[in-house]
Structures are given as C-alpha cells and as structure tokens.
Amino acid sequence: FNYQAARFLTSAPTLATCPPDSGAEVAFAGRSNAGKSSAINALTRQKALARTSKTPGRTQLINFFTLGDDTERRLVDLPGYGFAKVPESVKLEWQRHLSDYLQRRASLRGLVLVMDVRHPLSEFDQTLLGWADDKAMPVHILLTKADKLKSGAGKNALQQVRSRLREWEDLVSIQLFSSLKGQGIEEVHQRLDSWLLD
Ligand code: GTP
Ligand code: MG
C-alpha cells in the first residue's frame, strides 16, 4: 500500500456515525499522549495528517484516514485513554465506545497498540489486550518514543514487555518505534500490509 497517499476521510464521535463498515481498517489505540497520532504521521510520512499535541487528550473523536482514493482501506486514530483530567464518567463513556468499536466493527483487521516505551502496559492497555483476545483480534504493539532511551535500555524494555505478554504471543507482536527518528516504519508497514491485504 502507498501509505504516503493517505488522506483524512472523516471524524466520528461514536460507532453509530462511523463510515460504512466495509473493506478493511487498522486502528491505533493507546494511552493519551502515548504517540498514536504521531505514529500515523510517521507511517504516512506526512507532518500533520493526524493532529498531535503536547497536551494529552488532543484526539477526542475517532478519526478515519484512507490510503489514497481507496476508502476500503483505512487507518483509524482513536482517542487516547487514561487522561487524568478527564472526569470519570467521560472515561467510562469512552471505554464503552472503544469496547463497542472493537466488538462490533467487522472491517477491523487489527489493532496497533501504542505505548510509551518508558511506561508500557498500563492497566487499561491490559484490559484492551483482553478484549482483543476475546475477539481473536491481532495486536501489534509499538513501544514508541524509543529515541528517549539508549539502545540497550530500549532492547531491555522490549524483552520485558515480550516476556510479560508471552501468554498472548499468538496474537501479539511487539517492536520498538520512534516517530521522531522514523525508527521501525518498515516493520509496521509490513504488518499493516498483511492485515489490509484482502
Ligand atoms: P492523544 O491524541 O491525546 O491520545 O495523544 P497521542 O497518543 O495521539 O499522542 P501524540 O501523537 O499527539 O504525541 C504526544 C506527544 O508526544 C507530542 O508532544 C509528540 O511530539 C510526542 N511524541 C510522539 N511520538 C514521539 C516519539 O517517537 N519521540 C518523541 N521524542 N516524542 C514523541
Ligand atoms: Mg492523538
């Protein structure tokens, strides 16, 4: 796929207003501020396709991008979870939307779970892995902001997360990533290709 040809399609507040559930899509999930939108920009080599921000909670809608003119192949930028300043009721509401989306979206082929390499596997990351497991939905984990660690420390973090997720190794793959340095882009493209093909 030509990831550089990606374009904004639409934003939706809930599952009910998402674009038609046909073709194939891959969604980017993770904690607020983990670097989901930045990863989408790095993967499409576009500076501002998805909006990024220093302030957590920037992405509040489900944003859909198409790979070129083909609306049947999409990348989806999900709002982050776990942002401390959001009221509990809003958090729960969001978790419900996310759960609905994961349970019911037929075109969803895989989940890219984005985690800051320095803070991997939050409680809700693990909840999400559980939901994915229930649906036998494959998950590719990006340990992002790898540029913040020396390479040895990055490798250690990768090994630790791998061993903690050993029970899920059939469904879960993991890699280091850096949007800032463009590290790991090829590996993600290969994974997305395999999910979005047919
Ligand atoms: P929400 O939309 O709030 O859920 O956040 P998000 O997960 O989309 O994070 P976003 O991509 O907006 O990035 C959050 C902050 O982290 C921004 O200040 C980015 O510049 C920074 N950031 C993202 N990826 C990287 C990276 O690979 N390396 C470094 N050093 N900073 C990064
Ligand atoms: Mg975002």
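**Ground rules.** I'm working with a predicted model, where local features need pLDDT of at least 70, side-chain atom pairs count only at pLDDT 80 or more, and totals for chains, interfaces and linings use all residues. Residues are numbered from 1 along each chain as its sequence is written, chains are lettered from A and ligands numbered from 1 in the order written, and side-chain values use heavy atoms, leaving out hydrogens and water.

Which residues of helix 4 are buried? I found Gly 154, Ala 157, Leu 158 and Val 161 (buried is under 20% relative accessible area, exposed over 50%, partly exposed in between, with a 1.4 Å probe and protein chains only). They cover an arc of only 100° around the axis, so they sit on the same side of helix 4 (the arc uses directions from the helix axis to the C-beta atoms). The face turned away from that side carries exposed Lys 155, Asn 156 and Gln 160. Strand 6 (139-144) and strand 7 (172-176) are among what covers the buried residues.

**Strand 5.** In residues 108-116, I see 8 of 9 buried. Strand 5 runs parallel to strand 2 (residues 24-30), joined by 6 bridges (strands pair if DSSP finds at least two bridges between them). Glu 25 has Leu 108 as its bridge partner in strand 5.

How values were computed: Helices (H or I, at least four residues) and strands (E, at least two) are DSSP runs, numbered from the N terminus. Contact means heavy atoms within 4.5 Å.
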